[in-house]
Amino acid sequence: MIRFIIRRLLVSIPVLFGVVFIVFILARLVPGDPCVAALGERATPASCAAFNSRFGLDKAVIPGLFRENSALVFRLDQVPATLVDNQFTAYLASLARFDLGDSVSNRKPVTQLLLERLPTTVELTIYALIFAIVVGVSLGVISAYRRNSSADVGTMVFANLGVSIPVFVLGLVMAYVFAVILKGTIFALPPSGRLSPGFRFETIPEAWGVEGVTGPLRSILDFLSNMYTVNGVLTFQFDLLIDAGRHLILPAIALGTIPMAIIARITRSSLLEVLGRDYIRTAQAKGLRPRLVLVRHAMRNAMLPVVTIIGLSVAGLLSGAVLTETIFGLTGIGLTVFESITSRDYIVIQGMALLVGIIYVVVNLIVDISYGYLDPRVRVS
Amino acid sequence: MTNLQSDPLHALKAADVETRAGGPDAAVESRLGARKASVRRLLRQRSAVVGLIIIGGLFLVAIFADVIATHPPNLSMIGREEGARPRIPPCIHILGCPADQGQHLLGLDGNARDVFSRVVHGSRVSLVIGFATVSFAIIVGTLIGAVAGFLGNKTDGLLMRGMDVLLAFPALLLALVIVTVLGANLVNAMFAVAIVSIPIYARVTRSSVLSVREQDYVTAARALGDSSWNILRRRVMPNAITPLIVAATLGIGTAVLEVAALSFLSLAAQPPLAEWGTMIGNERNQIFTSPILILAPGVMLTLTVLAFNLLGDGLRDALDPRLSR
């Protein structure tokens, strides 16, 4: 098992490096002079020269590759001289210091922006995933167990629709149904924002009376405070829990529908395959109750591919978060990416893309390892 | 085969198709007979037939868009029609709408353009987007996959690691970043979505190539002095066609969906082009007052994606006899 984990870790190193490199290169390919973008009207040749040397933009991008008058030029003879001293190595060095640069439009370090906005996305993703797993697995099991019944057909039609409906259409339609049509009923739900306007609440450090805490511990507490439902539970502010929860229902369903449909389909086909095996017939022939055969014998083996898909969905949810957060006005990573694209804040885009890429690689790594743990055959091959 | 680093939907499709790629047993049946049998199997799949019907309908709408549409798609009705103003609700004469008012089956949008005509013309845009994007991705992906599988060793490792890196980003996010770099317009968005889907086709082709590379009939062709290109074209690629067709059909749905998402964020199709994603994005704040402006293009978009997904699933089951039970 240890050897398997080490091998998987080694495989993901080049991929991770590739992710960093792609993000770096994409950010360098952006048209336009970064100096003009940052200084605006104050950009003179002299001030630009100072700006470029201050931020290391006069160095080679990668060994031998120079940016001259916003065109990229490759000089073979310069490769040895710029092998160590170039923008890419400088970028790697700043990454090692957890420095992602400063956001121009928000006037703060990108890492700080990340810490402020990540909790929203994490919270949204968790609830979307819970929805996807609970509904998806249940639908898949019902569908497989009652194969070819009307419940099966209905479920699969529903799953097919779920994969096909765009997140932004589903989100807007749900907002209309729950905020307009059902207005005034007990089913009414807020269509945007994280809390009702004017809602006041205490952060975790305030509620616990530990406002003096600083450093990493404080960052963790602030992070948890920003996940409002977690905050509500930890500090017994149940009105906060309810209000934040009500605001999360629609976005979580909108975001979770595609993975839900995928999980339902995988659960169905995997369970159908397992239910056809000999040992299931043996168990049935022994006279075991059908429910017991399903839960104890079939489900255990059928869940392997489902676990993989659940893991892969986590990363896929991050893409959907861009659309979901934009529609429902949630200030998370997704909305930040969208805002930075509109305001051309490339440093932020670069940081967010890197973060998502790394999360993606790490999640896939965990999925692979957990798969090896669940199914010994994977380890050997 | 490892599924490390992949977008779930993409990985699913790639893996699904990949495991079923290649195999010499199809050669047993005569080619014509096999094709007939495949068509018959396809028509037995209820979902595939539904998908085919919807796609057929979409093509008809796209081809005859000028005939079906009641108005030019980009024409504002203000000043041309009595009482025309932005976002008036649908007006259908036989349903009791006063005859002195202009007939608009789905009402007018924010620029007082006929929504029905725009939705009809949108089918053209979306079908072109789907087919063009996937064609580009298939050509590049097939080349990469074929070269990787045929040459093997270091070339293979290098190319496929490159594909892994591409798969290491959520598809939409990578497309978003590429569009930002290239500039926001429809062609760049299609290019970005195509790039993101290249690994799927590369993987499918590569695994087909690997599965037949060592077959006797390929060795025989080589012994007869056939060139590598001819072997690839005549002996290897026919085996890769089936999984590629399936991947492409599913890919069209994905491409339409992703380009529409980029358009919704106003990063792809630009006004006044009648593209469904753009139409939804432009009017998204009107969901509470004029929901039909979002529902009409939304339903069409969902139907299109659904149809290609259904057909793709059906094709996969029909073209692969080993799966039929």
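## Chain B: contacts and fold

Take the contacts in chain B between residues at least 6 apart in sequence: 72% of them join residues at least 24 apart. Bear in mind that this is a predicted model. As for burial, 49% of the 325 residues of chain B count as buried.

## The nonpolar core

The largest nonpolar core holds 170 residues. A:Ile263 is on the list of residues with the most contacts inside that core, and so are B:Leu173, B:Ala175, B:Leu176, B:Ala189, B:Val259 and B:Leu262.

B:Leu176 is a handy one to click on. Setting aside neighbours within four places in sequence, B:Leu176 is in contact with A:Val322, A:Val337 and A:Ile341, plus B:Leu262 and B:Leu267.

## Where A meets B

Chain A puts 47 residues into the contact and chain B puts in 42. On the chain A side, α1 (2-29), α6 (150-164), α7 (167-181), α13 (290-328), α14 (333-342) and α15 (346-374) each supply at least two residues. The top contributor there is α13(A), with eleven residues. By type, the chain A side splits into 35 nonpolar residues, eleven polar and one charged.

## How confident is the predictor?

For chain A, the pLDDT averages 85, and 97% of the residues score at least 70. Among the elements of chain A, α7(A) has the highest mean pLDDT, at 93, while helix α16 (residues 376-380) has the lowest, at 66.

Technical notes. Residues are numbered from 1 along each chain as its sequence is written. Chains are lettered from A and ligands numbered from 1 in the order in which they are written. This is a predicted model: local features need pLDDT of at least 70, side-chain atom pairs count only at pLDDT 80 or more; totals for chains, interfaces and linings use all residues. A nonpolar core is a set of buried Ala, Val, Leu, Ile, Met, Phe, Trp, Tyr and Cys residues joined through C-beta atoms within 7 Å. A residue is buried if 20 or more other C-beta atoms lie within 10 Å of its own, exposed if 12 or fewer, and partly exposed in between; C-beta atoms are placed from the backbone. Two residues are in contact if their C-beta atoms, placed from the backbone, lie within 7 Å. Helices (H or I, at least four residues) and strands (E, at least two) are DSSP runs, numbered from the N terminus. Ala, Val, Leu, Ile, Met, Phe, Trp, Tyr, Cys and Pro count as nonpolar, Asp, Glu, Lys and Arg as charged, and the others, Gly among them, as polar. pLDDT is the predictor's confidence in each residue, from 0 to 100.
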